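Here is a short note to read beside the model. Take the points in order and find each residue as you go.

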Amino acid sequence: MKKIALPIRFGIAASGSLIAYFLILSLVDLHTNVFYSLFNGIITGFAIYEAIKYFKIQEKDKFTYGTGFKAGIVTGFVATLIFTVFFAIYATEIDPEFLEHLSSQWFSRFDSFEAIVFFTVAIMGFATSIVLTLSFMQLFKSTNNTK
């Protein structure tokens, strides 16, 4: 459990940053523009990078590609799950008109749009987490090249 605590903490911090960013966008009425969600990848990527970096420092010689990959995936998935739950609560309870406004910009019909949006938010977060973790592990893996 001790090995997974660091990635979970970084995931919680990343989700807090994602939620804060979304709420700031909603204050200036830009939260319905999906292009601003590209910055979510930067927030998540920074958290994954830092989680792997600190996990490598913590593990020292025991750090392997597999353990680093697990740290990055746990960080990204925790952030994605928490943000998706927040997003669902926001869209259904806090601002019920949000999804209708979002759908009027991107789709002509509103039929079962809620489930599609929540699923898309989750899948985008999981995919981003996997891709960024694989990318960052190229920086942190140890080389097997000998001289």
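Are F22 and F83 buried or exposed? Both F22 and F83 are buried. Keep in mind that this is a predicted model.

1. **The pair F22 and F83.** Start with where these two residues sit. F22 lies in helix α1 and F83 in helix α3, 61 residues apart, so their pair links distant parts of the chain. The two rings are edge-to-face. Their centres are 6.2 Å apart, with 75° between the planes. An angle over 60 degrees counts as edge-to-face, which is why the pair gets that name.

2. **The cluster around them.** F22 and F83 belong to one aromatic cluster. F86, F87, Y90 and F118 are also in that cluster. In the whole structure, a search finds 14 aromatic pairs.

3. **The pair F10 and Y54.** Now compare another of the aromatic pairs. The ring centres of F10 and Y54 are 5.9 Å apart, and the planes meet at 20°, so this pair is stacked. F10 belongs to helix α1 (residues 2-27) and Y54 to helix α2. The pair therefore ties together parts that are 44 residues apart in sequence. F10 has 18% relative accessibility, so F10 counts as buried. Y54 has 38%, so Y54 counts as partly exposed.

4. **Helices α2 and α3.** Two packed helices are described by the angle and the distance between their axes. Helix α2 covers residues 38-59, and helix α3 covers residues 65-94. Their axes come within 9 Å and cross at roughly 145°. The crossing is right-handed.

5. **Who meets whom.** On the α2 side, the contact uses T44, A47, I48, A51, I52 and F55. On the α3 side, the residues are T67, G68, A71, G72, T75 and G76. What kinds of residue make up this contact? Six are nonpolar, six are polar and none is charged.

6. **The salt bridge.** Side chains of opposite charge can pair when their charged atoms come close. How many salt bridges are counted? The count is one. K53 forms a salt bridge with E50, and the closest N and O atoms are 3.4 Å apart. K53 and E50 are three residues apart in helix α2, so about one helical turn separates them. K53 is partly exposed, because its relative accessibility is 26%. E50 has a relative accessible area of 11%, so E50 is buried.

Methods. Residues are numbered from 1 along each chain as its sequence is written. This is a predicted model: local features need pLDDT of at least 70, side-chain atom pairs count only at pLDDT 80 or more; totals for chains, interfaces and linings use all residues. Side-chain values use heavy atoms; hydrogens and water are left out. Axes are lines fitted to C-alpha atoms, for helices over the stretch in contact, and angles run from 0 to 180 degrees between N-to-C directions. Helices (H or I, at least four residues) and strands (E, at least two) are DSSP runs, numbered from the N terminus. A crossing is left-handed if the near helix is turned anticlockwise from the far one by less than a right angle, and right-handed if clockwise. Contact means heavy atoms within 4.5 Å. Ala, Val, Leu, Ile, Met, Phe, Trp, Tyr, Cys and Pro count as nonpolar, Asp, Glu, Lys and Arg as charged, and the others, Gly among them, as polar. Rings of Phe, Tyr and Trp (its six-membered ring) pair if their centres lie within 6.5 Å; planes under 30 degrees apart count as stacked, over 60 as edge-to-face and the rest as tilted. Buried means under 20% relative accessible area, exposed over 50%, partly exposed in between (1.4 Å probe, protein chains only). A salt bridge is a side-chain nitrogen of Lys or Arg within 4 Å of a carboxyl oxygen of Asp or Glu.
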